[in-house]
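Hi there,

Here is the structure I promised to pass on. Have a look at it first, and then read my notes below.

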Amino acid sequence: METTTQFVARVLGIVHEPPLPKKKNSSRYASGKTCWMCGGDTCGKGWPRSAALSGGFTGHDFALAMDSDAICQGCAAVLSGKAWQGMVAQKGTDVKVWGGAGWNNYSHLIAEDGTYIVPKRKDIRRILLDPPYGKWVLAINSSGQKHTVFRAQVAASQTHFPVQFDEMTVWIHADRFRQCLADFEALCDLGFSKDSILSGEYHHAQMLKVGIKEWREAEQKIAPWRTSDPDMITIVHFCALGPSHFEETRKES
Ligand SMILES: [Zn+2]
């Protein structure tokens, strides 16, 4: 069965062969048939583990086949900055690339039809309100310093799907996301900061300015989400339009 990293490498057209061996007559490929990282089939063409993992890799807790010496080409590709740079150059993706840039510096949307987007917060909001058809992977990197793709799961639905948020895989029901986002942004529209809505600790001055009755009505709608779906509201908090957006929209109209 195809694993997430193998799906990503295939739909993005990334071919990522291990380097040629330095010693004559030794094999280019690792002997292991199972990928140390994703547990998928290496097809006999896996990378030697030490060659695929750079010194900075910190996802060892994730490995699914601890006793294997091999890493499949899909996993090797989603860990390689070079493979990412080659892919964005080939696709002409509008993204800043520097010498050390790689998968761990950005969020990613990867779809079955070969679409690759480096989504900003507002793009993530749009994607979650109107998810792609077919199979897709959304991996959100909130800090810009984490590998997310190898931990992600492939979504195959527009109504119930996994989203990778840093190290956490969150299953989302599209209709619940839409409602939670609407309840969250209603409070942003009243001028409350996104952090205060997430925590439930509001600034008193803003509460008085809005009016306690109006604040309470809005708060009663968002409060249940904090306990029933704390992971999803974290994603809502990440991509919701903040109070400044609503303020500017009011100025314009
Ligand atoms: Zn793998």
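The zinc ion sits in a tetrahedral site, with angles of 105 to 114 degrees among its 4 donor atoms. Please keep in mind that this is a predicted model. The SG atoms of Cys35, Cys38, Cys72 and Cys75 coordinate the zinc ion at 2.2 to 2.3 Å. Along the sequence, the spacing of these donor residues reads C-x2-C-x33-C-x2-C. Cys38 belongs to the loop between α1 (4-11) and β1 (47-48), and Cys72 to the loop between β2 (70-71) and α3 (73-79), so this pair ties together parts that are 34 residues apart in sequence. Both Cys38 and Cys72 are buried; for Cys38 the relative accessibility is 13%.

The structure holds 0 disulfides. Take Cys188: the closest cysteine sulfur, in Cys239, is 11 Å from its own sulfur, which is too far for a bond, because a disulfide needs the two sulfur atoms within 2.5 Å. Cys188 is also buried, at 0% relative accessibility.

Leaving aside residues up to four places away in sequence, Arg125 touches Cys239, Leu241, Leu181 and Glu185. Arg125 and Leu181 are 56 residues apart along the chain, and their C-alpha atoms are separated by 9.0 Å. Is Arg125 buried or exposed? With a relative accessible area of 19%, Arg125 counts as buried, because the cut-off is under 20%.

Happy browsing, and do write back with your thoughts!

Best wishes

Conventions:
Residues are numbered from 1 along each chain as its sequence is written. This is a predicted model: local features need pLDDT of at least 70, side-chain atom pairs count only at pLDDT 80 or more; totals for chains, interfaces and linings use all residues. Side-chain values use heavy atoms; hydrogens and water are left out. Buried means under 20% relative accessible area, exposed over 50%, partly exposed in between (1.4 Å probe, protein chains only). Contact means heavy atoms within 4.5 Å. Donors are N, O and S atoms within 2.8 Å of the metal (3.2 Å for Na, K and Ca); water is not among the atoms, so sites may look incomplete. Four donors count as tetrahedral if all angles lie between 85 and 135 degrees; four count as square planar and six as octahedral if opposite donors are over 155 degrees apart and all others between 65 and 115; anything else is irregular. Helices (H or I, at least four residues) and strands (E, at least two) are DSSP runs, numbered from the N terminus.
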